[in-house]
Amino acid sequence: GLYFPQSEYVETVYVGQLAGTPILQVHAMLDSDSERPRFYLCGINSLRRPAHSSWFNLDVNTGILSLNKTLEESDFAMLNRHSWPVKKLVLHAMVLPNLTKKSQCIKHSPRVTLDFVNASLPHCAQTDMKELCFSHRDTAIPHIMENRFPGALRQLRRLTRLHVCPNYTISYHVESDTPAPFAVDENTTELVVTAALDREESERYRLLLVCTVRTETLITKVETSLDVFVNDEDDNAPYVNGTDTADIIISFNRTKGGSFGTLFIFDRDLTPIFPIDQTHNRYVGTLLNKDPWIKETFDIKGSFSEMKAALGGIRETVHVYQLVLKRNLYVTENRTLQLDYLVNDITYPGLEGTVSLHFNVTILPVHMRFANITHMFTLTRRASLYAQVGRVCVENCQQFDGFRVTYRLELPDKNASADVQSCYSAISITQAEDEMWGLLYVNDTEALRRPECQDLQYLVVAQEEHTLLEASTQIHIILDAQANKASQGSQQSLSCAENRQRGDCESVRGLGATTGRCQWRQVTEKGISENYSTCSPDLRTCPDSFCDAVESKDSSICPQDCTKKSVIGGHERGLRNGIQAGHGTCYCISEKCFCEKEDVEEVICDD
Amino acid sequence: RRPKPCSLRQLELTVSELGLGYDSDETVLLRYCSGKCTSHRENYDITMEHMMRTGFRKKGRKDKVSNGPCCRPTAFEKEFSFLDNNSRYHTIQNVSAKNCGC
Amino acid sequence: RRPKPCSLRQLELTVSELGLGYDSDETVLLRYCSGKCTSHRENYDITMEHMMRTGFRKKGRKDKVSNGPCCRPTAFEKEFSFLDNNSRYHTIQNVSAKNCGC
Amino acid sequence: GSPGSLGAGSGPGAQPEWVDCIQASDMCNQNPHCSSRYRVMRQCLVGKEKEAMLDNNRECQAALEVLLVSPLYDCRCKRSMKKELQCLQNYWTIHMGLTEGGGMDDTSPYEPVAPNRHHDAFRLASISSGMLTVAPKGFHCVDAERNCNPCLDAAKACNLNSSCKRQRSAYIATCSKEDPNKGEACSKKRCHKALRLFLDRVPPEFSHRLLFCPCQSVGCAERRRQTIVPDCSYKDKEKPNCLELRKVCRQDSLCRSRLADYLVNCWQSPQTERTCPNQDNHQACLASYARLIGTDMTPNYVDSSFSNWTISPWCTCKGSGNQEEECMNFLRYFTDNTCLRNAIQAFGYGIDNMQNKNESVPGPSATTKMGSDWSTATSEPPFVTIPKYPEPRDGGLAKTRGLPEDHSACLCANVWAVLPGLA
C-alpha cells in the first residue's frame, strides 16, 4: 500500500512563528494508480496524544505540516522544567488511502522531530545560504520501492524560510554522475522520481541537489549529496544456472544425517535472514515422490546466502539444496531411484515461480569381505600383556559410516586337542565404539610363552550388526624364537610411563610392551613439545593423542594418551584426554602425570 | 645470624622464568615457602638424624628419611591464567603458595 | 625397581641406639617414614626445582626451598617409657611415627 | 505539570539524589492505587503480544498512565548496584511501553553521568582527524629495551595485584575451559557471567588498561584482542544479522540497558562539534563500552591491526534485505564511532586520569540525546559548531555570509557564488 520513503523528518521551530506557518512536508509514494494519500498526525502508543500535538496541523491532502497557533514563550516554558535552550517535540504522521478518524498510528509511521528554540526566527541577514536552501539536519535517506509509480518523494525547499528573504529567488535542480530518473518539479520544488525503478538494475542512486539563490548582485549555488535507496520486492523468478540434476552414489557412507550432492538455484531478489519470519522471497520445497520408502529415507536440505552479482555488484540470493539421509541404510540396501523436488518461490507473483530439481540416486550394497591376502603378524614371545599385535579390517572399513562391523576370533580347527586350544587364549581382539577395525592384542602371556604353542592361526570373523552378514579370513601369528627362561621370571610388569629416564625405561618390562621392554622417546625441542620425552610400551601407538581400544583396557598401558586426571608441569591437554604436548619428560604415577625437565636428582629437605 | 624461620616469600618474574616450559612474557608474583623449621623438631627428628648418620647403616638399612619438618605451602593459590606469546591462554593450578607451615 | 612410595617402616633397636643419649638396653620398635612423594608433587614443586637450579641465582636470591612434599609422620606414638641401666624410669614423647604422609 | 514530574524527590527545581527502581517499586507497592496498576502492567508485558496489548488494551493503557506519574517513571539504576538486574527489570516494566518498535530510542536506565568538568589537556581534534596513534605519553614503556607492549604491562599490573589476578584467572579459566561432553569449545553463558563479574569487581584502572591499552605492534594488538577470550565470549559458528542481534539484546533487560547506556554515553550524532556526549566525558563512554562485554552484544576488536583498529559486535549486515541501511547505521555505532575512538585514544594518551569517575548528575534525566519520543524530551545544550564544509571545488567568489543562525548544519554542502554577469 501507500508508504513513506522517509522514516524520519527533522526541522526547527521558533518562538513567535505565526499560526499557519508551514514547517515541512511529508510525502507518501503510491502503490497503485488509484490511491489518494490521506495524511494524519497520530499517537505512537497507548498514551494520550502529547499536549504539543495540538499546536500543529497536518494537511490531509498535501502532507504539509504547519502551525495551528502562534508559538509563545509560555508554550516553551510549559513543555518541561528543564532549562535547555532547545526542546525536542516529537510527532508522528501516518498515511491512509481513505479518510479516517483513527488517531492511533499504524505500522511504519515516520517520526517528526522538531527542535523548539527559545528564540525568534533569524532574519534574512542572519540566515546563511545553506540554511536557506536545505533543512539543516534532515539526514534521512529516502527508500523507494521498485516497480512503483513516479511521484514526489521529498520537498527540497525549506518551508520555514519561505518568506525570510522575499527578494531572493531560490530554485533547485538535481544532477547525478550516472543516469538517474529523478527531477525537480519547478513549481512545487519537490524532488520527483520520474519512472518506476528496478532494484536489480540499481540499488542506490547518488544524487547531487543544487540550490541556486539569486539576489540582485549575486548568484549562490549550494550543493549537497542525497542517496536514494531502492527497496526490493519479489519480482524475479528463481532460475537454475547450470544443472538441475545431481547424480549421487551412496555406498560406504550411509549414515543418518549424511548429505549428498549439491544443486544451486539463483534469485536476483534479496532474501533477508532477519526477521526470520520475513515474508520476502520465501522458498518452499516439496518432495514430489509418493513412495513412502523414499519419504522415510530421504530429505532435501535447503539453505541460502546473499551474494553480489558479477555485473554491478547488485545483491542477490543463491539457494543451495542437498540430499540428506533421514536414517542409516542397511548394508544390503541396493536400489536406484530418482527424487524430484519442486522449489516454489511463494512470494513471486508470476507463474514461473517454481523450479524442479532432480537427484538420481544409486544405492550400492556394501560387500563384507576381507582383502584376498594372507594376514601375517609376527610377535615376540616376550611381548607383555596387552601388547598390540596388529589390526584387522574388512575392505574399505575406513570409509564405513552408518553401520557397525564387529570382529571375533575363532579357532580354525574346532576339534583340536585341549592343549592346542589352550594356546589360543594367547591372543584376543577388541574394538572401540567408534572404530571400524579390530585390534589384536596379547591376552595371555603364559600361553604365549609355552613352548608347545607354536605359530597361531586364527579365523577372524567380521559381522555387520543389523543384517548379521559375515565375512571371515585366516590370520597367521608367527611367534619368534623360544622365550628365554630369564624373561619368564614373574617380574611384576608395571606401567612403562612411570619411568623418567632412558636407562630405567629400556631395562624394565611394562604393560603393553610389544617387544617385552618399554621404549624411550627423547625430545629434542625446547619448551612444551608434542614430541616430549617419555617411556612407552610401543612408540607406534603410544603416545599418539588417541586412547585406543586396547589402551583403554588398563590405565597403566598408556596414561600419556588416556589419563583424565590433572597433569602437573607445562603441558597441553589432548582433545578428550591425555597429554597433547609436554615440557621435557612426561611420566605418570597411577594416572597422575607430570611433565618437567629431567636433569635433577631427588633433594631431601635437609634444611 | 639467627636462621630465618619458615615464611612466605615472593618474587616477581615472568611466566617463562617459572621453568614450566610455557613461553610467556606475562609477569607473575611467585610466592614460595622458605626458612627453617628448627623450632618444630621432635624427638623423632633427632633420632632420624642419628639414624641417617650411623644408625641405619649399622642395621643394614639404606632408607632415606627427612630429619626435620619441611617448610612447605599449607595452601596454594588455586589457579593462575595467562596468555602465552602465541596468543593462547593457559591456566595452571597450584603454582604459587598462599601460606606456609612446617 | 620401582621407587617405593612414602610409607611407615619399622626397626627394632635398643633405647641407647636411638641416639637420644639414654643408656638403656631395653628394646623399642622404632617406626619411621620413608619413600618417595613424587606423585604428590604440584606445579609449585617443579617451579621450585627450577628456581633452585637457576631461577633464584638469576634473581640474586639464595633461598633454599623444598622441591617436593616430604615423607613425614602425620601422627606420632604419644609416649614411650623405659628403665635405663641405672634403674631409673624415663618417658619420652613423639619418638616413633604412627602413620606417614606426603 | 508534565507527566513524570511527580514522584518522590523529583519536584521542579530540586536536584535530589536519584530514586532507584527497586525503591520506586517498593513505594508503588505501598500505594494500593499504584500497586494494582503495576500488577496489570506486568501482565501486559508478558508474552509475545505485548505490543498489541499496549496499543489496544484499555486496561494496559490506563495502568501505564497511572504509572507515569509514579516514582517508577523517573527512577534510575546505579551501575554495579546490588540487585542491578531487578532494578533494570522494574525500569523496563514502565519504559518498555513508551518506546517505539525497532528503533534505537531507549533512554538509559542508569543514572546519567556528570558532564566532563575539565576539557581534555589538548584539543582532540588532532585525534579525531584520524592521526596515526603515536607512542602515547600516558603509557610510557616500563622496560625500554623490550619492545613496548602496554597491554603486556597491563597484564603485569593486574597479575601483581592479588585481587585483579584472582579475578582475571577466574574468567580466563572459565572462558578457556573445554566443555568436552557438549563438544563445544566452552560455555559462552558461563564465560559472559565471569567477564561481567571481572569488570564489576576489578577497578577500571586495571580493567580499562587491559581493554584499551594503546598498541604499536601486532603482538600487542593481538593481546588486546584476546583480553575477553574472544574464541568463547565473542565468536560463534555463524554471524547473525546485526538487526537480529539487536532484537535479541533488547529482549534481555541487562543487554538492553547496557546497550542503551552505551549509546547514551558513547554516541554523539555527527551534528555537533563535541565528539562525546556529556561534554566529551570519555570515561563514561569507556565504562559503558566495557559493561557491554559479557552481554549478547559483546563488542571486540575485529583483528590485531594496531594503527587503524575496528571494533564491532559479532554480526553482519549481509542478508538485511531492504533494511541494509538501518543495519549499517546500527553497526556504525561501533565500527564508525568517533567518540569511542577518541575515548580509547585519549585513554592511551593517559589524558583521562580517571578524575571524573561515574559520578551521577542529581535530578531526573536531562540528557536524552536519542530523544525519548514522549512529550518531555529535551535536547542537550545548544550545539555550537562551525560546519565543516569541504573547500568549494573551484574556489567560490564569495564566502557565505555570517554565522548560520541554527549554529550547526550536518549536511556537507558545497557553496560558491557567481556574479550575475559571469553565471
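Trainee: Why is Asn278(D) called buried?

Mentor: In this predicted model, Asn278(D) has a relative accessible area of 11%. Buried means under 20%, so Asn278(D) is called buried. Asn278(D) lies in helix α16 (residues 277–280) of chain D.

Trainee: What makes the phi of Asn278(D) worth a remark?

Mentor: Its phi is positive, at about 55°, although Asn278(D) is not a glycine. Most residues other than glycine have a negative phi.

Trainee: Where is Ser87(B) found, and what is its phi?

Mentor: Ser87(B) belongs to the loop between β4 (79–83) and β5 (89–93) of chain B. The phi of Ser87(B) is near 55°, again a positive value in a residue other than glycine.

Trainee: How do you know that Glu572(A) and Arg88(B) meet in a salt bridge?

Mentor: The distance from N to O between the two side chains is 3.4 Å. The rule asks for a side-chain nitrogen of Lys or Arg within 4 Å of a carboxyl oxygen of Asp or Glu, so the pair Glu572(A) and Arg88(B) qualifies as a salt bridge. The count between chain B and chain A is 1 salt bridge. Across this interface there are also 5 residue pairs in polar contact, with both residues at pLDDT 80 or more.

Trainee: What makes up the side of chain B that touches chain A?

Mentor: The residues on that side divide into 5 nonpolar, 6 polar and 2 charged. The contact takes 13 residues from chain B and 11 residues from chain A.

Trainee: How does the radius of gyration of chain A stand against the rule for a compact globule?

Mentor: Chain A has a radius of gyration of 42 Å, whereas a compact globule of 607 residues would have one near 25 Å. The C-alpha atoms of chain A fill a box of roughly 125 × 80 × 45 Å, taken along the principal axes. Buried residues make up 55% of chain A.

Conventions:
Residues are numbered from 1 along each chain as its sequence is written. Chains are lettered from A and ligands numbered from 1 in the order in which they are written. This is a predicted model: local features need pLDDT of at least 70, side-chain atom pairs count only at pLDDT 80 or more; totals for chains, interfaces and linings use all residues. Side-chain values use heavy atoms; hydrogens and water are left out. Contact means heavy atoms within 4.5 Å. A polar contact is a pair of N or O atoms within 3.5 Å; within protein, one must be able to donate a hydrogen and the other to accept it, and residues adjacent in sequence count only if both atoms are side-chain atoms. Ala, Val, Leu, Ile, Met, Phe, Trp, Tyr, Cys and Pro count as nonpolar, Asp, Glu, Lys and Arg as charged, and the others, Gly among them, as polar. The radius of gyration is taken over C-alpha atoms; the globule rule is 2.2 Å times the number of residues to the power 0.38. Buried means under 20% relative accessible area, exposed over 50%, partly exposed in between (1.4 Å probe, protein chains only). Helices (H or I, at least four residues) and strands (E, at least two) are DSSP runs, numbered from the N terminus.
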